[in-house]
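Try each task before you read its solution.

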Amino acid sequence: ADILLEDKDALKQRVASEKEKATKAINEATDTQGVTAKLNDGKTAIAGIGLDEAKQRKADKDKADLTKSLEQAKLDAVKAIEAKATAKNKEIDEAGLLPEDVTALKQQVEAEKTKAIDNVNKANTVEDVTMKRDEGITAIGNISLDAAKQRKADSGKVLALQTAKNNALTELEAVAKAKVDEIENADILLEDKDALKQRVAS
């Protein structure tokens, strides 16, 4: 029977006790009718030793063990999901992305993590926990940084172009000012100074 070891021992002790009691009664019988009666009493007593309570205790223990292993599987799964989310956030931090993309990507990570943990906690079997854990870890891993990296690269090009323009305009301004100063200090007619300065400006 599928019962606990301690219940097996206890039940076997009860059988031995009933057998011993019946044996003593049979040996003390004074006639064959008495022997038959005591034999039947002993058989009835032994047959009446029920296993139902022991079987129920085994079933209850199995259920408790299953619940315990399920809860442990859930705890382990949540840890694995959180570890994956932490690793993904680290990848985002180290990618040198634009601040707004860092925020958006971390929000995606948090959303997938929360969803995965919720699915794990709703699972009813260890197998289901494992499946939901793996789905969550995959979803977090699949959050792509490619578009954000491209935006960062594009913003770098725009910045480089604007810097080049600013530098060129500063240099042009300096050259023009130097020419205007040269005209201003030259010993020429006033109308020629004005005409030359207009040419520089244009």
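**Exercise 1: Two helices side by side**

Find how the axes of H4 and helix H5 (residues 126-141) are arranged.

Solution. The two axes come within 9 Å and cross at roughly 175°. Axes are lines fitted to C-alpha atoms, for helices over the stretch in contact, and angles run from 0 to 180 degrees between N-to-C directions. Helices are DSSP runs (H or I, at least four residues), numbered from the N terminus. Angles over 145 degrees count as roughly antiparallel. Therefore H4 and H5 are roughly antiparallel to each other.

This is a predicted model: local features need pLDDT of at least 70, side-chain atom pairs count only at pLDDT 80 or more, and totals for chains, interfaces and linings use all residues. Residues are numbered from 1 along each chain as its sequence is written, and side-chain values use heavy atoms, leaving out hydrogens and water.

**Exercise 2: A second pair**

Find how the axes of helix H3 (residues 52-93) and helix H4 (residues 99-122) are arranged.

Solution. These axes come within 10 Å. They cross at roughly 170°. H3 and H4 are therefore roughly antiparallel to each other. By class, their contact has eleven nonpolar, two polar and six charged residues. Ala, Val, Leu, Ile, Met, Phe, Trp, Tyr, Cys and Pro count as nonpolar, Asp, Glu, Lys and Arg as charged, and the others, Gly among them, as polar.

**Exercise 3: One lysine**

Solution. Lys88 lies in helix H3. Lys88 touches Val109, Ile140, Gly141, Ile143 and Leu145 (heavy atoms within 4.5 Å), not counting residues up to four places away in sequence.

Technical notes:
Parallel < 35°, antiparallel > 145°, perpendicular 65-115°, else oblique.
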